[in-house]
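Reader: I would like to learn how to read an interface between two chains. Please start from the ground rules.

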Amino acid sequence: MTNSDFPRRAALAFILCVLPALVVLARADDVYTIKGAPASFTAECSSCHMAYAPSLTGKANWRGIMAGLDKHYGVDASIDSKTQQEISTWLLAHAATSARQAAVSPEFRISRSDWFIRKHDEVAASVWKRASIKSAANCGACHSGAAGGDFNEDGVRIPK
Amino acid sequence: MPWFRFFPLAGALALSCIVAGVMADTPATFLDRFNAEARSAGEGPGNAARGQDFFNKTHGGEWKCASCHGAVPTGKGEHAVTRKVIEPMAPAFNPQRFTDAPKVDKWFRRNCKDVLSRECTAREKADVLAWLISLK
């Protein structure tokens, strides 16, 4: 390779490799889909809160959550064992696998995982308490695409 | 009149019974069921005024039914913690309500535990449903 080839090769490598990688990474990082969920998941898991995608947290948290539905963060969310089995199987099959996102968190809460806290470290405690937000469970208050699984930072609008 | 002339009539009757069977669960049939259960527990039938009062009161806990469903659930409610929208409870404003027995039983069981720390009695359910049906 001559020196004169280098800029051209670098440009080619950038276009063919780095650019697509950036696009893929940007998407993989912020999209959490519930596509392919069994009907029971939508019916049982999104009556009181939005449907949290299985890839938002790891197997350990999902196991903990599904084992304690009769005392589900202050409410009784118990379901029959057949439905529980069906939902659990789907959650575990699509749970997060990266070490930082799959770590078990206090009360098995997604919102108390190190990963979630780091992602939201610029949001002041007073902002979470606004009537328009009220709870970390209310993803859609700030993430306009949350219901469709899109948590990309470009879609964030923090309400007054 | 020959006996076979009754076939269409018998067929229509059978069909209407099948249709009635398939569509068995309506707000009215639930009210009948809760009233009957209340009666066998030695209590009177559901009363709309009592139901409204029950719905809008706390029962020892932090929440009342109205905390999430709204004081008069002819419109959308909002979950007290998550702000998730909850569709209207009054059947006249949401025809899907009180049409599926497992669903009705499940939600009464869970939500009564959240509000009263126990399951509701048949009369309490009859009261609330009598009120919800009365909302037009």
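Author: Contact means heavy atoms within 4.5 Å. Here, 14 residues of chain B are in contact with 19 residues of chain A. This is a predicted model, where local features need pLDDT of at least 70, side-chain atom pairs count only at pLDDT 80 or more, and totals for chains, interfaces and linings use all residues. Residues are numbered from 1 along each chain as its sequence is written, chains are lettered from A and ligands numbered from 1 in the order in which they are written, and side-chain values use heavy atoms, leaving out hydrogens and water.

Reader: How many salt bridges cross the interface of chain B and chain A?

Author: A salt bridge puts a side-chain nitrogen of Lys or Arg within 4 Å of a carboxyl oxygen of Asp or Glu. The rule finds 3 across this interface. One of them joins Glu44(A) to Arg110(B), with the closest N and O atoms 3.1 Å apart.

Reader: Which helix gives the largest share of chain B's side?

Author: Helices are DSSP runs (H or I, at least four residues), numbered from the N terminus. Helix H5 of chain B, residues 101-116, gives the largest share, 6 residues.

Reader: Why does the length of H5(B) agree with its residue count?

Author: The expected span is 1.5 Å times one less than the number of residues. The 16 residues of H5(B) should therefore span 22 Å, and its end C-alpha atoms are 21 Å apart, which agrees.

Reader: Which residues of H5(B) are buried?

Author: Buried means under 20% relative accessible area (1.4 Å probe, protein chains only). Among them are Trp107(B), Phe108(B) and Arg110(B). The cover over the buried residues of H5(B) includes helix H2 (39-45) of chain A and helix H6 (122-134) of chain B.

How values were computed:
Helices (H or I, at least four residues) and strands (E, at least two) are DSSP runs, numbered from the N terminus. Buried means under 20% relative accessible area, exposed over 50%, partly exposed in between (1.4 Å probe, protein chains only).
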